[in-house]
Amino acid sequence: MIRQSLIALAIGTAMGVSFNASAAAGSTSSVYGTVEAMSGQQVAIVISNPQTGYSRTVEVGEDGSYRFAKLDTGTYNIQIIANGKVLAEDELRVSLGSNKEADFNLDELTAERIEVTGARVSAIDLTSMDSGLVMGETEIDRMPIARDLTSVALLAPGAVAGDSAFGNTASFGGASVAENSCYINGLEVTNTRQGLGCGSVPFEFYKEFQVKTGGYSAEFGRTTGGVINSVTKSGTNEWEFDFTANWTPNGLQEEGSVSRGRQGTGAIFRDTTNDFDNSFDYTVSASGPIIEDKLFFYALINPRDVHNQFGDTNGTGRFAGANIMNVDESSGSDNLFWGAKIDWDITEDHRLSFFGYSDKNETTRTVYDYDAETGTIGDYSGSFLRKRGGEAKSVTYTGYLNDDLSVSAMWGNIQTDYSSDPSNLDCSSVTDARDGITDAERVSSCGPGGSFGANEDENTQYRFDIEYYWGDHKINAGLDKQTRESIRVTQPIAGHSWTYETLAAGGNIQGDSGSLYVNNTGAAQDLVSDRIFSGGGSFESDLTAYYIEDKWQVTDTLMLSIGIRKDIFSGEGTTGKELFDFDTDIAPRLGFTWDVEGDGESKLYGNYGRYYLPIANNTIYRAAAGVSDTTTYYTFDGIDAATGVPTGLNPVNGTVENSQYASSLPAIPEKDIFQAQEADPFAKDEYILGYQRAISEDLSMEVIGTYREVTSALDDYCGRYAYPFCVMVNPGEDMSWYKDGYYWDGTQELMPDHETFDGVADPGSLTTHTAETLMLPEAENKYLSWQAKIDYRAEDYRVNFIYTWSRSWGNFEGAVKSDIGQADAGVTQDFDFPAVMDGSSGYQPNDRRHVFKMYGSYDVTEDFTVGFNSTLSSGRPLSAFGQGYPDTDPNVYGSYGDTFYIYQGCAVEGDTCAQEDKLYRYAPRGSAGRTPWTFKVDLSAAYAFSYEGVDMRTSINIFNVLNTQEALALNEHYESSEGTVNQWYGAAYSWQAPRSVRLTFEARY
């Protein structure tokens, strides 16, 4: 009955799923080698997959060599045949993106005495010149690993966890978390809006993972971090039905942590003690032959039941304490994943694949008032319907035109929704960062606040790849094109976003053209600012790339890789105006691998590559989607007790126009205004040198050195010479761009014509600004690491040990800014004004000097397996950001930005303080210490058994067994306004997740 029920459930599930696409670029492997046969003997070699009936035959070349290109991952039989007789055979496991060498020696065989012998299989991939890891779903199931791509990626050397402000992300080789790319079956599923995160499928759908931490070939691009490449399962000739259930019970999760302001003596800043996560999901899959040996399918559904609760703030996070509780709920059809893959072997030389999935989900987030001091959840204040996920589909063709030439082509499309529909449109966001008031006097909004509006992405992809063998050369070439379309419209709830703050005596608020307001009252003064951020529309970017690469087997022991790649990036705003257009230089990818002893047991390898990062669509949104971003300062007479909104408002300088600054205007600039004529796109160079050796059949070691450096930093300059827009420049270099109605000579505005801010370049206005005029430092971002790896693979015991020493330093992090949690990829506050870069040189937020990783599994018996996963990591640097600067010159300091200067008071007594008399403490990047070391140990146990012909497996995974909860991210804003210490400085935003348990049950027939 159990068996029949499982079959019925799986078939019913599969029949209800519609089928879409698959992919292959970068997701196939190869088998190659030599056959030493008797003189004059004609030999053929056959490779076959017994699960699918797939088979290919090639003739062994005159030099005894053979190769099978573009093989899917899996286990293959390989046979040497002469005169219809099998002379030798073996079984090979082909992993994702690998090249397996298998050599056969038939010299001693005679026609009268036929023997079946195995191949000598090289323990090391002698064609690989990159760094990273390859791991299958079965291997991951043996260990306690969270079921997400980031957790898999963090197993790789050189990968560290990103800042919690960006969600669950990873940093590779010192790069920011917004510089990675992700693929499933060759379809790129990277978040195209900001580069943060990837699309994913349930773990039961994955077959194998490949994490490239560096040295990737020319076919991979648009990333200066790492690559996460994965393939999904496919159907075979055997019918198979699977059921898997995962439960994370809240009752088996330990209590979280609390942080307080005023160095631990003040009010609660963040509180996770009342958080809980009670998640349950199950997957049902079915796979098998539609036509045996010809047409196969794999289909899966995954209903997810989520009920989470977590504390938060409805104010500006860096200046507001915990005051709300969010409850997320979703289940049933609102949170249902489905996916499918179809593979059609039209002939042994032609395959067509279809792959598709939908991970659409709608979550109702209900927001309640929360008293963190008493842990009391209060009144309902509003809710949001959060729409996330979308649909992905692709179609891939692979053709073997002859033994030497193969091609592949792919079309794909991904649609993603990020919108949130609020129920409360009456209560604006309110943050109370005033000094000198009690917690009881601090006000908040009558609702959850925030913003709303349409928010969607669509990414259409095409690629064509060729692989050709010419003598000792393996030549790959291809074309890769994407069109990334976005819709983003936003406006603040109730039209406003209020922040109360205290400005110290003599404190300054900087505006667009110098000091906007100085507190000359002789005492601290309470003010309120109103930031109105609204606008948007539809916009897009187009990315095109060409590449060619030659892997040349120079000798039996030396292989060279010579590749080049060229990228073209362009984008346009909501009016269809072209905003940017970059035609990159040719990017080289050069490498070598040397079989040191000629026995396939060791290799010395090296790699040099240049990588370019495209402009994220979020940049177009901020610059060319008609967004208006203004902040106005007021004095106020009172505060509405019900809404937290100020009353009796008076602009600090008499009029609204004189009391505000604009971070962006609704006019949409064209390319000549937004992109400097000499600007080059963001680029990074990488150098790798490594040595790998197989010490025994079970044990291998590897040592890798890596150096990375940003050679071309592209960021937006928003200083006075660019007003009223920002312009994309290479900091520290001479740059030229056109003007639009505003001309600044360094001291005053010339020929003001503000009415012509229409985004169209004024004829004849092209102006060259020297690096000395702009006063921006040359961008610096460097990374150096040494890694030691030990892999042990026995029949019943597997363990990996990795130690990484690294150093990441410079004056900017990369695409995003972790130390302040700014996710505006490519347009962070870095380089906006010279003042924000004064003191910026130092160790970067992803600098973790020492990282130890050890993970593996042990088969206690044939049916019982235990696993472990542990990480010990040093902390990252901390800064102390100020809100003022010793110089109010608009050429140096603009209307916003966190600085490395902290106001200390006035050098002279009196009610007022001239700017030249102000005293500041210089606090350069990373001078405020480091976060604590973190240590984590996860354990798992799994037991396999059978009942009534159904294979079953039950497992328990315990994460953070020791329940260590060290802080991961701290508030680094020392001041809330110039001269006023932020009461929350040094308080923790997040910690290591407390101990939790995941229970899993699997059944397979």
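1. Ala-587 is found in strand S39, residues 587-594. Strands here are DSSP runs of E, at least two residues, and helices are runs of H or I, at least four residues, both numbered from the N terminus. This is a predicted model: local features need pLDDT of at least 70, side-chain atom pairs count only at pLDDT 80 or more, and totals for chains, interfaces and linings use all residues. Residues are numbered from 1 along each chain as its sequence is written, and side-chain values use heavy atoms, with hydrogens and water left out.

2. Ala-587 counts as buried because its relative accessibility is 1%. Buried means under 20% relative accessible area, exposed over 50%, and partly exposed in between (1.4 Å probe, protein chains only). Leaving aside residues up to four places away in sequence, Ala-587 touches Gly-563, Ile-564, Arg-565, Arg-610 and Tyr-612. Contact means heavy atoms within 4.5 Å. Asn-361 is 226 residues from Ala-587 in sequence and 40 Å away in space, C-alpha to C-alpha.

3. Helix H5 (residues 617-624) is mostly covered, with 6 of its 8 residues buried. The buried residues are Asn-617, Asn-618, Thr-619, Ile-620, Tyr-621 and Ala-624. Their cover includes strands S32 (473-492), S36 (525-553), S37 (558-572) and S38 (578-583), and helix H6 (671-674). Gly-626 follows H5 and has a positive phi, near 70 degrees.

4. The whole structure holds 48 salt bridges. A salt bridge is a side-chain nitrogen of Lys or Arg within 4 Å of a carboxyl oxygen of Asp or Glu. One of them joins Asp-404 and Arg-67 at 3.3 Å, N to O. Asp-404 lies in the loop between strands S26 (390-400) and S27 (405-417) and Arg-67 in strand S4 (residues 65-71), so the pair ties together parts 337 residues apart in sequence. Asp-404 is partly exposed at 31% relative accessibility. Arg-67 is buried, with a relative accessible area of 19%.

5. Another salt bridge pairs Asp-859 with Arg-798 (3.0 Å, N to O). The pair links distant parts of the chain, with Asp-859 in strand S57 (residues 850-859) and Arg-798 in strand S55 (residues 797-810), 61 residues apart. Both Asp-859 and Arg-798 are buried.

6. Glu-972 and Arg-876 also meet in a salt bridge, at 3.2 Å, N to O. Glu-972 is buried, and so is Arg-876. Arg-222, Arg-463, Asp-465 and Asp-480 are linked in a network of salt bridges.
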